[in-house]
Amino acid sequence: MTENHQGNLPGRQRKRFPDISSRAYEHPADRSALVALRKLSGFDTVFKALSGLLPERSLRLLFLSDSVRVSDAQFSHLNDMLRDACYILDLEKVPPMYVTQDPKPNAMCIGLDEPIIVVTTGLVELLDEEEMRAVVGHEVGHALSGHSVYRTILLFLTNLALKVAWIPLGNVAIMAIVTALREWFRKSELSADRAGLLVGQDLQASMRGLMKIAGGNHLHEMNVDAFLAQADEYEKGGDLRDSVLKILNVLPRSHPFTTVRAAELKKWSETRDYQRIMDGHYPKRTEDGDTSVTDSFRESGRHYAESVRNSKDPLMKLVTDIAGGAGDLAGDLGEKLFGRFGGNGGAGTGAGGGQGAKGAPGDDERGTGGDGTGGRGQSEG
C-alpha cells in the first residue's frame, strides 16, 4: 500500500476485502449502459480526441489553488475516512481529496490519469460520520471502477454543449453523446452506492445519508420505511402519461432519483451476492484478466430481462402485454441487446474493473485495465 492505513481504522470492527475487483459490486445496468455508450456512433472518435485534449493539469491546479486539500492537517477526520476506505477496498494509491465551498451537497470523482475526489462543504455539514463514511466509500468505488475518466468527459461535454448551442446541428451531435454518458453515469451511481455500503458496512447510515440528500438535515421528521415506500409508489404508480414523464424527468440528471437509489441499495444488501462478499467470497482483481467480456454481456442481458419481467411501471407492463408476455419480450430483448455483443470484442469494457484510459472502444475481448485500480487502471469518477 502507498500509505499506512493500519493506524486509521475506526473503533468498530469492519471487514476488509483484499484484492477485490470492482466486478464484485458493479451493477449489471452499469456495465450494460457502458456497452451501449461505446456502441454509440462517434463516441470512439470523441473519446480518443478528448482523452488527449482535456485540460487535466488545469483541473488539478484549480482545486489545489481554490479548495482545501484533505490531509492530516486539514479535515483530518475526512482524511482518516479516505485512507480507511482505500484500505477496505484495497485501492493501492490513495487519491487526493478536496473540500470545496458550495452549499449544495455533492461529491464527485474526476480525472483522466489519476482520480481526484471532491466533496462540497454542504455535504460535509449535512452528514454525520457514518453517513459521510459511506459517501467517501462511494467515491473510492468510482475510483476503483475507473469511472473518473468518463465523468470528466461528461463534465467537459456538458459545458461545451452550452457554448456551441447556437451552431446548427453541432449541439445535436454533442448532446447525443452527453445523453448517453448521463444514462451510463446514472447506472454507475448504483455501483458506487454498493461500494459505499461495503466500506461503511452500515445500511442504516447509507439510508440516512440518501434521505438527507433528498430532504435535508431533518432526520427527526423522516422515516426510512416511508422513504422506501416512496420508491415503490414511484415505480408502480400513475398511468402511461406518468411513465413518459418519468423518462423526461430523469434525462437531464447525472444521478438516479434518491428514493430509487435507496431502494436499489437495500435490495442488493439482502441478496446472496452481498452476503458472499461479506463472507470473503468475491471476484479478485488478479483474476480480471481471465474474465471474458462475453460473460459480462450475458449477465447484463439476464439482468435486463429480469428487470423487464419484474417491472411495475405501467408503460413497461403495456409493452410486455402487447408483446404477448413479459417473459418472452424480456428474453428476446435481452438476447438482442446483449447476446449479439458477446462475440464482439470491439466493445472493450475491461471485464468489470477499471477501464483503461487509452483503451476504450476497440480493445480485445477481455478489455483493458485488468488490475481495476484507480491509479493504474484508469481510463472515469
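The model is predicted, with local features requiring pLDDT of at least 70 and side-chain atom pairs counted only at pLDDT 80 or more, whereas totals for chains, interfaces and linings use all residues. Residues are numbered from 1 along each chain as its sequence is written, and side-chain values use heavy atoms, with hydrogens and water left out. Helices are DSSP runs of H or I of at least four residues, numbered from the N terminus.

H9 has 13 residues and spans 18 Å from its first C-alpha to its last. This is close to the expected 18 Å at 1.5 Å a residue, the expected span being 1.5 Å times one less than the number of residues. At the start of H9, the backbone nitrogen of Gln204 has a side-chain oxygen of Asp202 within 3.2 Å. Gly216 follows H9 and has a positive phi, near 80 degrees.

Helix H10 (residues 224-236) also consists of 13 residues. From first to last C-alpha, H10 reaches 19 Å, close to the 18 Å expected. Val224, Phe227, Leu228 and Ala231 are the buried residues of H10. Viewed down the helix axis, these residues fall within an arc of 95 degrees, so they line one face of H10; the arc is that of the directions from the helix axis to the C-beta atoms. The buried residues of H10 pack against H9 (203-215) and helix H12 (258-269). On the other side of H10, Asp225 and Glu233 are exposed, that is, over 50% relative accessible area. The N-terminal end of H10 is capped by Asn223, a side-chain oxygen of which lies 3.0 Å from the backbone nitrogen of Asp225.

Elsewhere in the chain, Glu26 is located in the segment before helix H1 (28-39). Its relative accessibility is 4%, so Glu26 counts as buried. The side chains of Glu26 and Ser145 make a polar contact at 3.0 Å, a polar contact being a pair of N or O atoms within 3.5 Å, of which, within protein, one must be able to donate a hydrogen and the other to accept it; residues adjacent in sequence count only if both atoms are side-chain atoms.

The average pLDDT (the predictor's confidence in each residue, from 0 to 100) is 74 for the protein, and 58% of the residues score at least 70. Over residues 1-11, pLDDT stays under 50, and the model has 22 contacts (heavy atoms within 4.5 Å) beyond four places in sequence for this segment.

Conventions: Helices (H or I, at least four residues) and strands (E, at least two) are DSSP runs, numbered from the N terminus. Buried means under 20% relative accessible area, exposed over 50%, partly exposed in between (1.4 Å probe, protein chains only).
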